[in-house]
Structure formats: C-alpha cells, structure tokens
Amino acid sequence: MISIDKQQNAVQASPTLSGLSFSLDLSVLELADNQPDPQILYDLLVIGAGPAGINAAIYARRKGLTAAVIGRTVGGQVKETNIVENYLGIESITGTELTAKFQSHLQAYDVPLLRGRTVTAIRREGEDFVLDLDDHSHFKSRTVLIATGAGPRQLGVPGEKEFRHKGVTYCAICDGPLFSGQDIIVVGGGNTAVESTIDLARSVRNITLVHRSVFRAEKILQDRLAQLDNVEIKLGYVVEEIKGDNRVTEVVIRHLESDRLEIVPASGVLIEIGNKPASAPFQDLVDCNQWHEIIVDANQATNVRR
Ligand SMILES: Cc1cc2nc3c(=O)[nH]c(=O)nc-3n(C[C@H](O)[C@H](O)[C@H](O)COP(=O)(O)OP(=O)(O)OC[C@H]3O[C@@H](n4cnc5c(N)ncnc54)[C@H](O)[C@@H]3O)c2cc1C
C-alpha cells in the first residue's frame, strides 16, 4: 500500500511482506520557498545550513531577530551520513530523513533559506557586514554566524573519489557496521582511527590499519590494539591507490622506506585522518590558528566586533 500524507510531506509505503516498509520524505526534494532578500539588512545571517547553522537560525528567530541562512548544502555532514543512531529521542534515522526534519523545523519558524550558494567572502561596511556569494549576489547583516563546519581530510589518491560511498568512507564508527564480516582497511594513526579499529574488530573479519608514521593515539588504545588478532598493523605505509569494479575490491599500499608496493584485498577503506575546517573564505577577516580553525572566545565570538 502506498499513501501520500500531505501534512507530513511524505510518501509511506507498507508492503504486505513483513518487515518491509519505508517512507520517502518529499521535503528534501523541494526548494525552500522563503528566500532571503538582498535588500534587507538582517540582524543575523547564518553561513552554513548544517545542524549548527539551522539550530542557530531557529533560536535567533525565537529571540525575535530577523535571520536568514545561506548554505551550499542543507544538512551538512548529516546529509552525507547513511544512518544516524542514538540522536536522543530517535533510535535510528537516515541522514536524509534527519535533514528533512531539520529543514521542516526551519520552515516552521519561517526562516529564509538560500541553498546551493557558497559565501566567498565577508566584508565590513561600516558597522555592518556584506556577504559576497559565488553568483555575485550580496546580502547584508548586522551580525554574522559562521557555521560552515568541516570536511574530512582526503588522501588524494586515485580511486578515492570514484569509490566514495562504494566502499570508501570517512567515518569509521558510523559506516563501520556496513562492513560486518568483511575485510577492511582503516587509514590513520590518531585516537579516532585506532579507537574505530578496536571497535570494528568485533564485527569485521580482518582489518589492516595503515599509517604513514608512528601512532599518535593514546598508549592505552595502542595496547588494546596490540591484543587484537584480526588486526594487521602497517606502520610506515601509505595508500597508493584504491581499486575495484562497482565497489572497492583492493587497495595498493606503499612501504615508504623501501618503496615496495603491496596489494591488500578489502571491500572497505575507512579514512580517519582528521577534518579540515571550511574557513577559507573568512581567513582574511577573522583570526585563525595554524590549522585554519577560527579562534573564538568563551562566547564563541571572533576577534571581529561590531
Ligand atoms: C559520515 C558521517 C557520519 C556521522 N555520523 C554522526 C552521528 O551518527 N552522530 C553525530 O552526532 N554526528 C555524526 N557525524 C558528525 C556530524 O555530522 C557533524 O558533527 C555535524 O554535521 C556538524 O555540524 P555543523 O553544522 O557544524 O557543520 P556541517 O555539517 O559541516 O555543515 C556545514 C554546512 O556549511 C556549508 N558550507 C561550508 N562552507 C560554506 C560556504 N563558504 N558558504 C555557504 N555554505 C557553506 C556546507 O555545505 C554545510 O552544509 C557524522 C559525520 C559524518 C561525515
């Protein structure tokens, strides 16, 4: 049976076979109708329509401020996630469904949203701020909230882009369960990579942990790792290429000292080499640290004041 629930903006399908049911939320397919107005001087413009940006805009509206959101994508990293588990009150939900909920929450407060646009710079205009967008449009605001989040650092090797979502992932702990019973490679040597490896060793068949130098992970994690008999540790190696057909089937790794190449059969490549803040357009305006993270005080304020 298929029914369309207009109020919920969703298509529900409930086949008679037990256990088979799904719902497709149509709101993610629609463009937000309430667009920001370039003529208005807003109290607050939020850059980024991930969970942080959407949340901030909703609370700004609740406080009675005029606010709008400009974001390249809606949902941010959540949209990229297959399954989000244990968001309090929701045991399990797809990233797409959660994003649709975020968006309808924003719409309920009638917050204007411009999606598919990138802010390329923030300029001062007297006390106020002007946002320059990639389509050469401009928006003005008394205050700006930068919620552009981060993206995963990438290896930059052949096959990485081609096999993204086809075996290549950037969140071992979120996507690891997809590789249950299979052979995988985890790349990285920090706490996240090692912790993920320890966790996943329970559900996958074999893990090869590849890292270019020595581990940065805490000693206690390294000790736990050493006790696992289905984990092979390859220190001093880098990933050279990810290969496959429709999905990943093998990974070529290179021993840095000898330049020797090895082929590791694997159906998953879980890359955990850190995140890169999406702060490039704002580097000339606000103070950033050596990792390009924006420096804020205890109130999350930058060095740029009204
Ligand atoms: C695969 C994966 C699985 C995850 N699973 C979980 C989980 O299960 N539970 C959990 O709590 N967390 C999870 N996370 C982490 C969670 O998604 C992030 O912590 C969260 O999305 C951060 O929110 P944010 O709004 O700060 O930034 P982001 O989600 O990064 O959103 C930033 C937004 O800003 C936009 N943007 C960037 N630059 C510009 C610009 N110049 N102009 C306009 N827009 C711009 C981006 O397009 C994006 O929409 C997961 C992350 C990944 C990648």
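Of the 306 residues of the protein chain, 29% count as buried. Buried means that 20 or more other C-beta atoms lie within 10 Å of the residue's own; exposed means 12 or fewer, partly exposed is in between, and the C-beta atoms are placed from the backbone. This is a predicted model, in which local features need pLDDT of at least 70 and side-chain atom pairs count only at pLDDT 80 or more, while totals for chains, interfaces and linings use all residues. Residue numbers start from 1 along each chain as its sequence is written.

The protein chain has five helices and 21 strands. Both are DSSP runs numbered from the N terminus: helices are H or I with at least four residues, strands are E with at least two. Take contacts between residues at least 6 apart in sequence: 56% of them join residues at least 24 apart. A contact here means that two C-beta atoms, placed from the backbone, lie within 7 Å.

Now the ligand. Around the ligand there are 29 residues, and Gly48, Gly50, Ala52, Gly76 and Gly149 come nearest. A residue is near if its C-beta atom, placed from the backbone, lies within 6 Å of the molecule. Strand E4 (41–49), helix H1 (51–62), strand E5 (67–74) and strand E6 (83–87) each give two or more residues to this shell. E5 gives the most, with four residues. By type, the shell divides into 15 nonpolar, eleven polar and three charged residues. Ala, Val, Leu, Ile, Met, Phe, Trp, Tyr, Cys and Pro count as nonpolar, Asp, Glu, Lys and Arg as charged, and the others, Gly among them, as polar. Domain 1 (2–151 + 275–282) and domain 2 (168–271) each supply at least three residues of the shell. Those bounds come from an automatic or database domain assignment.

Next, a helix pair. Helix H4 (residues 191–200) packs against helix H5 (residues 219–226) at an angle of about 35 degrees, with axes 10 Å apart. The axes are lines fitted to C-alpha atoms over the stretch in contact, and angles run from 0 to 180 degrees between N-to-C directions. H4 contributes Asn191, Val194, Glu195, Thr197 and Ile198 to the contact; H5 contributes Leu221, Gln222, Arg224 and Leu225. Four of these residues are nonpolar, three polar and two charged.

Last, Ala121, in strand E9 (residues 119–125). Is Ala121 buried, exposed or partly exposed? Ala121 is partly exposed, because 15 other C-beta atoms lie within 10 Å. Leaving out residues up to four places away in sequence, Ala121 touches Asp132 and Pro281. The C-alpha atoms of Ala121 and Asp284 are separated by 8.6 Å, although these residues are 163 apart along the chain.
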